[in-house]
Amino acid sequence: MGTKTRSIANHLNNSLGELAVISYKLLYNSNTAVSFSSQAGTQLGSLDFYYPVNARVGGSFTKQYDASTSYIVTGGHYYAHATSNLHSHWLWIDGDEANAIHLADDIYALSGEDGGSPRKKSKITIQSSFTGKAAGTYTIYTASGSGDTRSHTGSVNPTPGSTDGDTSSEPARSMIWAMEVLYT
C-alpha cells in the first residue's frame, strides 16, 4: 500500500472506526458515446421517473455477506448531454426499484435554460449506499431522464467540444463502481 493510500486508510479508520472493504468492482467505465434520439422513456418500477434505455449505465456486483453483516457502497461519475428532456437522475438495483435513490439533478434548471446560456449536461457525482441486501448478485444502474413519459434525445459520454466550443474535444467518461463494506 502506498503512502498516500495508507494515509487515507488511516484517516478513515480514525474517523469511522475500522472500515473493512470485502470486494470492489468497476461496473461501468467508458468514454464511448452512446446516443439516443426521440427515445421513449422506460418507467423505473412504479416511480415517477422515465429514462431512455440508451442513457442507462451499470453492471452486476456480487455481495458475499448477509444483510446484517455488510452493505453496498456505490460511487462514480455520470456525464450526458441532452437536446431534450433530461430533468432528473436516479440510481437503483434492478428488481428493487421501489428503493431507488433519486439524485435530483435537473440539468435544465441548473444550466440556466430559463435565462442565460443553457448547457444541457447531466454531470452527476454518485455517492450512495444500499442496505438490507442479502448475499447475491445484483445489477446496479444509474440514468438521467424525466418525471413523465416524454421522448429523450442526447448522448452519454459525448465529446464536450462538439457542443461547447471552449471545452476539450476529447470524449467524456462515465463510470460507476460498487464495493461491499462490513458493518463495524
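These legends accompany close-up views of a predicted model.

**View 1**
Read along the sequence, the elements run α-β-β-β-β-β-β-β-β-α-β-β-β-β. The protein has 184 residues, and 42% of them count as buried. It exposes about 9300 Å². Carbon and sulfur atoms supply 48% of that area. Among contacts with a separation of 6 or more, 78% join residues 24 or more positions apart.

**View 2. The largest nonpolar core, built from 22 residues.**
Seven names stand out here: Ile72, Tyr78, Leu91, Phe130, Ile140, Val156 and Ile176 touch the most other members. Strands β1 (21–30), β5 (57–63), β6 (70–84), β7 (88–93), β9 (121–130), β10 (136–145) and β12 (174–182) each give two or more residues to this core. The top contributor is β6, with 4 residues. A second core is separate and has 8 residues. Trp90, Trp92, Ala100 and Tyr141 are among its members.

**View 3. Strand β11 and its pairing partners, β2 and β6.**
Strand β11 covers residues 151–156. Because 5 of its 6 residues are buried, the strand is largely enclosed by the rest of the structure. Strand β2 (residues 34–40) pairs with β11 in the antiparallel sense, over 5 bridges. The pairing of β6 with β11 is also antiparallel, over 4 bridges. Valine 34 has valine 156 of β11 as its bridge partner. Serine 84 stands opposite threonine 153 in β11.

**View 4. Valine 156 and its contacts.**
Valine 156 is one of the core members that touch the most others. Neighbours within four places in sequence are left aside here. The remaining contacts include Thr32, Ala33, Val34 and Phe36. Asn54, Ala55 and Val57 also touch valine 156. So do Tyr78, Tyr79, Ala80 and Ser174. Of these contacts, Val34 is also the bridge partner of valine 156, and Tyr78 is also listed with the core residues that touch the most other members.

**View 5. Strand β1, with valine 21 and serine 23.**
Val21, Tyr24 and Leu26 form a nonpolar patch on the surface. Together they have about 270 Å² of accessible area. Valine 21 lies in strand β1. Its relative accessibility is 41%, so it counts as partly exposed. With a relative accessible area of 15%, serine 23 is buried. Not counting residues up to four places away in sequence, serine 23 touches Phe61, Thr62, Gln64, Ala178, Met179 and Glu180.

**View 6. The salt bridge of lysine 133 and aspartate 96.**
Side chains of opposite charge can pair when their charged atoms come close. The count for the protein is 2 salt bridges. In this one, the N to O distance is 2.6 Å. Lysine 133 lies in the loop between β9 and β10, and aspartate 96 in the loop between β7 and β8 (101–102). The pair links distant parts of the chain, 37 residues apart. Lysine 133 is buried, at 12% relative accessible area. Aspartate 96 is buried as well, at 18%.

**View 7. The salt bridge of arginine 150 and aspartate 148.**
Here the side chains meet at 2.8 Å, N to O. Arginine 150 is partly exposed, with a relative accessible area of 37%. Aspartate 148 is also partly exposed, at 29%.

Definitions and conventions: Residues are numbered from 1 along each chain as its sequence is written. This is a predicted model: local features need pLDDT of at least 70, side-chain atom pairs count only at pLDDT 80 or more; totals for chains, interfaces and linings use all residues. Side-chain values use heavy atoms; hydrogens and water are left out. A nonpolar core is a set of buried Ala, Val, Leu, Ile, Met, Phe, Trp, Tyr and Cys residues joined through side-chain atoms within 4.5 Å. Buried means under 20% relative accessible area, exposed over 50%, partly exposed in between (1.4 Å probe, protein chains only). Contact means heavy atoms within 4.5 Å. Patches are made of residues with over 30% relative accessible area and no salt bridge: like charges are joined within 9 Å, nonpolar side chains (Val, Leu, Ile, Met, Phe, Trp, Tyr) within 5 Å. Accessible areas come from the Shrake-Rupley method with a 1.4 Å probe; for residues, only the protein chains shown count as cover. A salt bridge is a side-chain nitrogen of Lys or Arg within 4 Å of a carboxyl oxygen of Asp or Glu. Two strands pair if DSSP finds at least two bridges between them.
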